[in-house]
Amino acid sequence: MVQQTFPHTRLRRLRQSASVRQLTAETAVSVNDLIWPLFVIEGDNHQDPIASMPGVYRHTIDKLVGEAQRAVSLGINAIAIFPKIDAALKDEVGSLATDETNLVCRAVRAVRAACPGLSIICDVALDPFTSHGHDGVLQDGIIANDETVAILQQQAVAQARAGCDIIAPSDMMDGRIGAIRHALDDAGFADVLILSYAAKYASAFYGPFRDAVGAGKSLGGDGKKTYQMAPSNRQEAMREIAMDIQEGADMVMVKPGMPYLDILREAKTTFGMPTFAYQVSGEYSMLRHAVDNGLMSAEAIMEALLCFKRAGADGILTYFAPDIASHLAEESK
Ligand code: PBG
């Protein structure tokens with residue numbers, strides 16, 4: 001690199017006009033980067049607002065299909081489906097998780113039929129289905145790792161049978177990626193992808209999501225800290241990601257997003273994997289409230305997404321996906 005100092009080198013020359021700034025932009029957000037998480041509930045022709053996430057709804061399956069079609073028309077490549085299960089259908093072991101006629105599987109079938117080219121992502125974890133809201137099953141008050149993994153294998157296969165393309169284990173049990181890969185292969189789903197929530201932290205930023213899916217009010221003292229990672233840890237995240245890659249993950253995720261950009265950057269640099277960031281519910285709600293109340297301009301939303309790209313994300317799960325996709329389409333007119 002040529003080393004010149006001021007006044008020969010004036011970095012502000014690169015910022016003088018929109019055209020120069022755009023020519024020299026190192027990263028950009030495109031519609032191809034967006035994954036849209038959507039919530040589904042039982043019923044017909046209904047959209048239920050989520051109080052903690054203004055502008056986000058739980059959709060009955062028919063409405064969800066409409067949203068999926070909107071995703072396709074906006075050029076969004078993938079949606080992630082999260083169910084809110086009626087409390088009466090939950091039990092200690094999350095029995096409904098492995099049922100091929102459960103809400104998620106029916107939603108996947110409906111979306112698959114209506115939108116053949118859209119990638120569908122499903123969470124693998126028991127929390128929407130367990131009465132206590134944990135991602136796994138409890139034995140003597142402790143989350144039992146291997147027993148949980150055996151159930152997650154069945155949950156993943158049920159979702160693949162329904163037509164899910166990308167299985168996203170978000171449970172943080174040890175060994176689940178390898179086990180799920182084997183189960184999918186054995187069931188004839190060698191082409192179904194695994195997007196591992198590889199470095200998933202025990203985060204208060206999931207609060208609004210837990211309200212959205214009606215899980216997590218009765219987790220008990222440690223919450224999910226015995227399986228989700230401690231926010232203090234960076235090197236451990238690299239070990240988690242390395243293990244998941246070895247076990248067969250096709251893509252990895254860091255979650256939450258914005259407070260964890262250092263982890264995202266290091267993961268991308270270290271492993272060179274397709275790497276995704278989840279801008280989680282709390283991040284969405286903070287930005288949404290600040291923008292809606294005039295504390296920040298809406299540009300803050302695009303800025304946040306751009307920063308994910310700069311940090312190394314190949315894609316971003318974001319509740320802003322349809323807004324951003326429409327905005328990008330407008331801009332390119
Ligand atoms: C469930 C799951 C959670 C999220 C995605 N999958 C919550 C949790 O682990 O408690 C959070 C998503 C968000 O906050 O937007 N395993």
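On a 1 Å grid over the protein atoms alone, a cavity is a set of points where a 1.4 Å probe fits but cannot get out, whereas a pocket is an open set with protein on both sides within 12 Å along at least five of seven lines, and lining residues have an atom within 4 Å of a point. A molecule sits in a cavity or pocket if more than half of its atoms lie within 2 Å of its grid points. In this structure, the space taken by the ligand is the largest cavity. The model is a predicted one, in which local features need pLDDT of at least 70 and side-chain atom pairs count only at pLDDT 80 or more, while totals for chains, interfaces and linings use all residues. Residues are numbered from 1 along each chain as its sequence is written, and side-chain values use heavy atoms, with hydrogens and water left out.

**The ligand site**

The ligand is surrounded by 17 residues, the closest of which are Lys200, Arg210, Lys255, Ser281 and Tyr319; a residue counts as near if one of its heavy atoms lies within 4 Å. This shell divides into seven nonpolar, three polar and seven charged residues, where Ala, Val, Leu, Ile, Met, Phe, Trp, Tyr, Cys and Pro count as nonpolar, Asp, Glu, Lys and Arg as charged, and the others, Gly among them, as polar.

| Side chain | Ligand atom | Distance |
|---|---|---|
| Asp135 | nitrogen | 3.0 Å |
| Gln228 | oxygen | 2.9 Å |
| Tyr319 | oxygen | 2.6 Å |

Taken alone the ligand exposes 400 Å², and the protein buries 99% of that area, as computed by the Shrake-Rupley method with a 1.4 Å probe.

Two cavities of 30 Å³ or more are counted, with grid points joined across faces, edges and corners and a volume taken as the space filled by probe spheres set on the points. The largest cavity has a volume of about 100 Å³, and of the 14 residues that line this cavity, Asp127, Lys200, Phe209, Arg210 and Lys224 are the closest to its centre. Its lining has four nonpolar, four polar and six charged residues.

The second largest cavity holds about 80 Å³ of space, and its lining has eight nonpolar, two polar and two charged residues, including Phe82, Asp127, Gln155 and Phe209. Strand E4 (78–83), helix H4 (145–162) and helix H6 (207–213) are the elements that give two or more residues to this lining; helices (H or I, at least four residues) and strands (E, at least two) are DSSP runs, numbered from the N terminus.

The largest pocket contains about 810 Å³ of space and is lined by 26 residues, with Thr27, Ala28, Met302, Glu303 and Leu306 nearest its centre. Helices H1 (18–23), H10 (299–311) and H11 (321–331) each supply at least two of the lining residues, and H10 gives the most, with seven.

**Backbone features**

Most residues other than glycine have a negative phi, and most peptide bonds are trans. A cis peptide bond joins Phe6 and Pro7, with omega about 10°, and Pro7 is found in the segment before H1. The bond from Lys255 to Pro256 is also cis, with omega near -5°, and Pro256 is placed in the loop between strand E10 (251–255) and helix H8 (261–271). Asp140 has a positive phi, near 50°, and lies in the loop between strands E6 (138–139) and E7 (142–143).

Technical notes. A polar contact is a pair of N or O atoms within 3.5 Å; within protein, one must be able to donate a hydrogen and the other to accept it, and residues adjacent in sequence count only if both atoms are side-chain atoms.
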